[in-house]
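The sequence and model come first.

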Amino acid sequence: MFSKILKVAMTAQLFLLFALPAAYAEEAKAPAPVDITPNAASAVLIDADTGTVIFEKNKDAKLPPASITKIMTMLLVMEALDQGKIKLDEKVRTSEYAASMGGSQIFLEPGEEMTVQDMLKGIAMASGNDASVAMAEKISGSEEAFVRMMNERAAQLGMKNTHFANPNGLPADKHYSSAYDIALMSKELLKHEEITQFTGAYQDYLRKDTPKPFWLVNTNKLVRFYTGADGLKTGYTSEAKFCLSATAKRDNFRVISVVMGEPDTKTRNAEVSKMFDYAFSQYTNLPIYKKGDALGEMKIGKGEVPVVPLTAKHSYSLLLKKGEAGEGIRHEVQLAPNLKAPIAVGQPIGKIVVYKGNEVLTEFALESPVDVKKAGWWTLTKRTAKKMFFFD
């Protein structure tokens, strides 16, 4: 009996002796993830088109975002411009409250008027707390109403670890975000391609033709010193430390890097640059559609307008690791069947589906570019008569 037990034990030892090195060899094939942002409290690197996470570190940690908050403020400004609520050359009056903001500012005086375009410069380049509140009041009537809009938009974008208390990022209770949520709102802001005219400029002037011109120098030095960098927003408070949501584009490939809680600007910029280097050396993208490309037609039952042409609102692409084969990749525009009026602008109407063979690689949601009201009785009657008598 004892000899049998001894034999089993020796067999087990021999199995471990030969099996374990093989297991270790398998494990060694997979490189351990390297922390390319060792000094950041939280970080994330994403592809701007697909939102694919390339690198992350504590990406969902709730942290004070400081002035990176202004990315949401700029997004709501750009959306208000798109909706025709405001115009770039429209004047914005500065309230006493807006002028009272401390921290980074463009030194707006109570009652001073400045165009939306100049206010955007002041927010994007100089991180103006006063300009942020002035624009909030312009768009929503009050800072409180604008903050409510900020939180509603955050929920729509799937920002699950964010709550805003103001439009500028000054320290406040229940004002927090995460690196990943900041990347999400940065991605949405970059759909408005004209924003990089503001975020990507290194220097400019406000009040240029007045006795008191104000020189703007971008707080994000990467727009000058990193090839392809053209945004987005820096942030600093003693609580948040040094934060940055940065974007860079080379050829058709754009990425977004976010770091929070860095010890100083030099380290912050170095670690964001390292994330950019990693993305551009290891990844590329395959363009699917460019902004403005035709996507087909949206047919609407009983609509005032029966057919709406669809074009790409922004670029669509597929993220690929360098060296991966891009052959056999195809895409389809799939619109929802039987679309009927009324249809609201932004309403989901279908998707772009990207395949490799029969495998779905990714999908992009499509939304209605316009409001389509339901047609009246007389319009529908005339339309029916034309069909009956084969009129075009």
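## Overall make-up

The chain's secondary structure comes to 11 helices and 16 strands. Helices (H or I, at least four residues) and strands (E, at least two) are DSSP runs, numbered from the N terminus. This is a predicted model, in which local features need pLDDT of at least 70 and side-chain atom pairs count only at pLDDT 80 or more, while totals for chains, interfaces and linings use all residues. Residues are numbered from 1 along each chain as its sequence is written, and side-chain values use heavy atoms, with hydrogens and water left out.

Of the 392 residues in the chain, 46% are buried; buried means under 20% relative accessible area, exposed over 50% and partly exposed in between (1.4 Å probe, protein chains only). Contact means heavy atoms within 4.5 Å. Among contacts between residues at least 6 apart in sequence, 62% join residues at least 24 apart.

## Aromatic pairs

The whole structure holds 7 aromatic pairs. Rings of Phe, Tyr and Trp (its six-membered ring) pair if their centres lie within 6.5 Å; planes under 30 degrees apart count as stacked, over 60 as edge-to-face and the rest as tilted. The ring centres of Y226 and F276 are 5.1 Å apart and the planes are at 45 degrees, so this pair is tilted. Y226 lies in the loop between α9 (222-225) and β7 (229-237) and F276 in helix α10 (residues 265-282), so the pair ties together parts that are 50 residues apart in sequence. Both Y226 and F276 are buried.

For F253 and F280, the centres are 5.7 Å apart and the planes at 90 degrees, so the pair is edge-to-face. This pair links distant parts of the chain, with F253 in strand β9 (residues 253-262) and F280 in helix α10, 27 residues apart. F253 counts as buried at 3% relative accessibility, and F280 is buried with a relative accessible area of 10%. Ring pairs link Y226, F253, F276 and F280 into a cluster.

## Charges over rings

K59 lies over the face of Y180, 4.4 Å from the ring centre. The charged end of R330 sits over the ring of Y355, at 4.3 Å from its centre. The criterion is that NZ of Lys or CZ of Arg is within 6 Å of the ring centre and within 35 degrees of the ring normal.

## Packing of helix α2

Helix α2 (residues 70-82) and helix α7 (residues 179-189) have axes that come within 9 Å and cross at roughly 25 degrees. Axes are lines fitted to C-alpha atoms, for helices over the stretch in contact, and angles run from 0 to 180 degrees between N-to-C directions. α2 and α7 are therefore roughly parallel to each other (under 35 degrees; over 145 is roughly antiparallel, 65 to 115 roughly perpendicular and the rest oblique). The contact is made by I71, M72, M74, L75, M78 and E79 of α2 with I182, M185, S186, E188 and L189 of α7.

α2 also packs with helix α5 (residues 129-140), at an angle of about 40 degrees and with the axes 11 Å apart. α2 and α5 are therefore oblique to each other. Here the contact is made by K70, T73, L76, V77 and A80 of α2 and N129, S132, M135 and I139 of α5.

## Surroundings of H314

H314 is found in the loop between β12 (307-311) and β13 (316-321). H314 is buried, with a relative accessible area of 14%. Leaving aside neighbours within four places in sequence, H314 is in contact with K191, Y289, K290 and K291.
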